[in-house]
Amino acid sequence: MISAHSALRDRYVWRALVVDGVMLVLSAVLCALVFAPQALVDTVGVSTRLAGLLVGWTSVGVFALSILQLRVAWKEKGADHCNAAIVLAETKAQLSLLLRDANADTVEQARVLEIATLQGKSLRPIPEGEFLTMKAAHLRKVLLSRLLDRYPFASRLWLHTVLRFRHTRKALKQSHTVE
């Protein structure tokens, strides 16, 4: 779950950053076009009509991106998934300590489990259509991490490629026998 929320956080933050960057560039172009003196427009060789079209289409682009940004709320989704990853990591650490503590009483265990359950219910859920993709990515990450522990000087990209090839080949072989 932590890996899935972290991946979704990164995805949404990246998308929001791209939209913000494009909006910033389009806004700068729009300001430059609107406030450019006519002599500069003539020097560049752009007709007044084309400059007007550029201003209009740039304005439409900024407006469309503003609406997109408002509707998809990638910044908010990224922040929610960031919070979920933090909460789950803290909960995992607490539960790990509790499991290692041989002297922990059942009241303390019940309290920590109740808090973990309440926190889990308050988090933004992982979209159903994303769950299997996120689970597969997590399992790949764990397997790759174990290999890197064994072979720390190996290329991460090379190990990833070899694993992908081997597992795809095994899956194709097994898909003919399993039904």
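The legends below describe several close-up views of a predicted model.

**View 1. Helix α1 along its length, with its buried residues.** Helix α1 covers residues 2-35, and its 34 residues should span 50 Å at 1.5 Å a residue, which agrees with the 49 Å that separates its end C-alpha atoms. The residues of α1 that are buried are S3, A4, H5, S6, L8, Y12, A16, V19, M23 and L30. These buried residues pack against three other helices, namely α3, α4 and α6.

**View 2. The crossing of helices α1 and α6.** Helix α6 is formed by residues 128-150, and where α1 packs with α6 the angle is about 110 degrees, with the two axes 9 Å apart. The two helices are therefore roughly perpendicular to each other, given that angles of 65 to 115 degrees are counted in that class. On the side of α1, the contact is made by S3, A4, A7, L8 and R11, while α6 contributes E130, M134, H138 and K141. Sorted by class, the residues of this contact are four nonpolar, two polar and three charged.

**View 3. The largest nonpolar core.** Eleven residues make up the largest nonpolar core of the model, and they are A4, L8, Y12, A16, V19, M23, L65, V72, W74, I126 and M134. Two elements, α1 and α3 (residues 48-72), each give two or more residues to this core, and α1 gives the most, with six. One of the core residues, M23, touches V62, L65, S66 and Q69 when residues up to four places away in sequence are left out.

**View 4. Helix α4 and the residues it buries.** Helix α4 has 27 residues, and the distance from its first C-alpha to its last is 39 Å, close to the 39 Å expected at 1.5 Å a residue. Buried along α4 are W74, G78, H81, A84, A85, V87, L88, T91 and L98.

View 5. Although S6 and A84 are 78 residues apart along the chain, their C-alpha atoms are separated by 8.4 Å. N83 is located in helix α4 and is partly exposed, with a relative accessible area of 42%. The C-alpha atoms of N83 and R9, which are 74 residues apart along the chain, are separated by 9.0 Å.

**View 6. Two loop residues, A73 and V46.** A73 belongs to the loop between α3 and α4, and its phi is near 50 degrees, which is a positive value in a residue other than glycine. V46 is placed in the loop between α2 (residues 38-44) and α3. Leaving out residues up to four places away in sequence, V46 touches V41 and A51. Between V46 and K77, which are 31 residues apart along the chain, the C-alpha atoms are separated by 42 Å.

View 7. L159 lies in helix α7, which is formed by residues 156-177, and it counts as buried because its relative accessibility is 12%. Its contacts, not counting residues up to four places away in sequence, are with L144, L147, L148 and A154. The C-alpha atoms of L159 and G21 are separated by 34 Å, and these two residues are 138 places apart along the chain.

Key
Residues are numbered from 1 along each chain as its sequence is written. This is a predicted model: local features need pLDDT of at least 70, side-chain atom pairs count only at pLDDT 80 or more; totals for chains, interfaces and linings use all residues. Side-chain values use heavy atoms; hydrogens and water are left out. Axes are lines fitted to C-alpha atoms, for helices over the stretch in contact, and angles run from 0 to 180 degrees between N-to-C directions. Helices (H or I, at least four residues) and strands (E, at least two) are DSSP runs, numbered from the N terminus. Angles under 35 degrees count as roughly parallel, over 145 as roughly antiparallel, 65 to 115 as roughly perpendicular and the rest as oblique. Contact means heavy atoms within 4.5 Å. Ala, Val, Leu, Ile, Met, Phe, Trp, Tyr, Cys and Pro count as nonpolar, Asp, Glu, Lys and Arg as charged, and the others, Gly among them, as polar. A nonpolar core is a set of buried Ala, Val, Leu, Ile, Met, Phe, Trp, Tyr and Cys residues joined through side-chain atoms within 4.5 Å. Buried means under 20% relative accessible area, exposed over 50%, partly exposed in between (1.4 Å probe, protein chains only). The expected span of a helix is 1.5 Å times one less than its number of residues.
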